[in-house]
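Please keep the sequence and the 3D view at hand while reading.

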Amino acid sequence: MGRITLITLFCYLTLFAADLFDKKCVPCHQKRGVGLKPIFFNYLLYHSSERRVKRAMKEFLLHPDPKKSLLPKKGKIYRHHFDPKTLDKALDIYWDRYKVIGKIK
Ligand code: HEC
């Protein structure tokens, strides 16, 4: 019984977290035509490991610095407003979503 409760809880948490990425990050990126997939692979090529990719993204999203951006800039840099905890969760999902494709390649 206890185990089932735990599994259910875990599923809910995972669902909730996936929701965060799909609701917060994806729609705006879609609307503005800034693909999250190309961004992911830019970061992956440049930073290579999971830890470094996540760290670089978090650093950038908390403290945007045009010099560190991995996107060609057309004008002012977009400022993301997320707290570090939310970012951690979102970046975990971001990573999990695309790393699989990276492995197949
Ligand atoms: C309201 C719009 C909006 C939301 C919400 C948003 N983004 Fe962005 N994001 C942008 C735009 C616009 C850019 C592109 C270019 C820029 O920095 O000028 C960008 C760029 C990025 C970059 C690349 C930074 C670089 O230049 O190297 C990453 C990584 C990123 N977003 C991740 C996320 C994640 C993760 C979330 C959710 C937690 C998120 N974004 C939510 C609009 C948004």
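## From a loop to the whole chain

In this predicted model, proline 64 counts as partly exposed because it has 14 C-beta neighbours inside 10 Å, a number that lies between the limit of 12 or fewer for exposed residues and the limit of 20 or more for buried ones. Proline 64 is found in the loop that runs between α3 and α4, and, once its neighbours within four places in sequence are left aside, its contacts are Ile77 and Arg79. The loop between α3 and α4 also holds isoleucine 77, which is likewise partly exposed, because 13 C-beta neighbours lie inside 10 Å of it. With neighbours within four places in sequence again left aside, isoleucine 77 is in contact with Pro64, Pro66 and Ser69.

Another loop residue to look at is serine 48, which sits in the loop between α2 (36-47) and α3 (50-62). Is serine 48 buried or exposed? Serine 48 counts as exposed, because it has 10 C-beta neighbours inside 10 Å. Its phi is near 55 degrees, which is a positive value in a residue other than glycine, and this serine follows α2. The helix α2 itself has twelve residues and reaches 16 Å from its first C-alpha to its last, close to the 16 Å expected at 1.5 Å a residue.

| Residue | C-beta neighbours inside 10 Å | Class |
|---|---|---|
| Serine 48 | 10 | exposed |
| Isoleucine 77 | 13 | partly exposed |
| Proline 64 | 14 | partly exposed |

Isoleucine 77 and proline 64 are 13 residues apart in sequence, and their C-alpha atoms are 7.4 Å apart in space. Proline 64 and tyrosine 78 are 14 residues apart along the chain, with their C-alpha atoms separated by 7.9 Å.

Turning to the protein as a whole, it has four helices and zero strands, and along the sequence these follow the pattern α-α-α-α. Of the contacts in the protein with a separation of 6 or more, 59% join residues 24 or more positions apart. The protein has 105 residues, of which 7% count as buried.

Which residues make up the largest nonpolar core? This core has seven residues, namely Tyr43, Val53, Met57, Leu87, Ala90, Leu91 and Tyr94. The elements that give two or more residues to it are α3 and α4 (84-104), and α4 gives the most, with four residues. In soluble globular proteins, nonpolar side chains tend to be buried together. Tyrosine 43, one of the core residues, is in contact with Val53, Ala56, Met57 and Leu70 when its neighbours within four places in sequence are left aside.

The ligand is surrounded by 21 residues, and the closest are Cys25, Cys28, Ser69, Tyr78 and Ala90. This shell includes at least two residues from each of α1 (2-31), α3 and α4, and by class it has 16 nonpolar, three polar and two charged residues.

Finally, the confidence of the prediction should be kept in mind. The protein averages a pLDDT of 86, and 83% of the residues score at least 70. Confidence is lowest in α1, at a mean of 80, and highest in α3, at 96.

Methods
Residues numbered from 1 in each chain as written. Expected span 1.5 Å × (residues − 1). Contact = placed C-beta atoms within 7 Å. Core = buried A, V, L, I, M, F, W, Y, C linked by C-beta atoms within 7 Å. Near = placed C-beta within 6 Å. Nonpolar A, V, L, I, M, F, W, Y, C, P; charged D, E, K, R; others polar. pLDDT = per-residue confidence, 0-100.
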